[in-house]
Every structure is written in structure tokens, then in C-alpha cells.
Amino acid sequence: MQRTKSNLLLILEQAQAELEISDAEFAKLFNVSGPMWNLVKSGRRNISMKILAGILHKFPQFSNYVLDFIRNR
């Protein structure tokens, strides 16, 4: 069964596309590896608290998406 992508993941993918940067470059923005970010994007790994903290640090404008993600975990 395939998981539905969270709103947080969708908004992060949109941000990456707008920045026009690779998975590795985007992942560095919130202090994770490129392969880890690729696993998260593909649904093979969950978004960890470390990733959430990095997202809040680099993209504070996404805080509502992060909170919704945590609430619905």
C-alpha cells in the first residue's frame, strides 16, 4: 500500500523545485544527507524530528505545515 504524501512533503518538494537545486543541495539546507532526503521524498523513510528541526530552522515560514505534520503523525 502506497502512502499519501503529507502537505509538508509536498510544500518542500515545491520549494526545492522553485530553488532549482538538487536533492543533495536541498538536503544540506536542513542538515541531512542527499540520500536521506531522497528516501523521505520516495516514501521509504519517515520525516524524522531531526529533519523537522532543520526545516523549521531554514524555512520558518513552513511552521504551520510542520505543526500539522506532527499533529497527524
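Trainee: Which residues of H1 and H3 meet?
Mentor: Leu9, Leu12, Glu13 and Gln16 in H1 meet Trp37, Val40 and Lys41 in H3, where contact means heavy atoms within 4.5 Å. Helices are DSSP runs (H or I, at least four residues), numbered from the N terminus.

Trainee: What classes of residue make up that contact?
Mentor: The contact of H1 with H3 has 4 nonpolar, 1 polar and 2 charged residues. Ala, Val, Leu, Ile, Met, Phe, Trp, Tyr, Cys and Pro count as nonpolar, Asp, Glu, Lys and Arg as charged, and the others, Gly among them, as polar.

Trainee: Before we go on, where do these values come from?
Mentor: This is a predicted model, in which local features need pLDDT of at least 70 and side-chain atom pairs count only at pLDDT 80 or more, while totals for chains, interfaces and linings use all residues. Residues are numbered from 1 along each chain as its sequence is written, and side-chain values use heavy atoms, with hydrogens and water left out.

Trainee: Back to the helices, then. At what angle do H1 and H3 cross?
Mentor: Their axes cross at roughly 130° and come within 10 Å. That makes H1 oblique to H3, because angles under 35 degrees count as roughly parallel, over 145 as roughly antiparallel, 65 to 115 as roughly perpendicular and the rest as oblique. The axes are lines fitted to C-alpha atoms, for helices over the stretch in contact, and angles run from 0 to 180 degrees between N-to-C directions.

Trainee: And how do H4 and H5 pack?
Mentor: H4 and H5 pack at an angle of about 160°, with axes 9 Å apart. H4 is therefore roughly antiparallel to H5. In this contact, Leu52, Ile55 and Leu56 in H4 meet Ser63, Val66, Phe69 and Ile70 in H5. By class, the contact of H4 with H5 has 6 nonpolar, 1 polar and no charged residues.

Trainee: Which residues touch the most other members of the largest nonpolar core?
Mentor: They are Leu8, Leu12, Phe30, Trp37 and Ile55, in a core of 19 residues. Helices H1 (7-19), H2 (23-29), H3 (34-42), H4 (49-58) and H5 (63-71) each supply at least two residues of this core, and H1 gives the most, with 5 residues. A nonpolar core is a set of buried Ala, Val, Leu, Ile, Met, Phe, Trp, Tyr and Cys residues joined through side-chain atoms within 4.5 Å. Buried means under 20% relative accessible area, exposed over 50%, and partly exposed in between (1.4 Å probe, protein chains only).

Trainee: What does Ile55 touch?
Mentor: Ile55 touches Leu8, Leu12, Phe30, Pro60, Phe62 and Val66, not counting residues up to four places away in sequence.

Trainee: What about Ala53, where is that?
Mentor: Ala53 is found in helix H4, and it counts as partly exposed at 46% relative accessibility.

Trainee: Let us turn to the loops. Where is Glu20, and is it buried or exposed?
Mentor: Glu20 lies in the loop between H1 and H2. Glu20 is exposed, with a relative accessible area of 71%. Its phi is near 55°, a positive value in a residue other than glycine.

Trainee: Where is Asn31 found?
Mentor: Asn31 is in the loop between H2 and H3. Asn31 is exposed, with a relative accessible area of 57%, and phi of Asn31 is near 65°, a positive value in a residue other than glycine.
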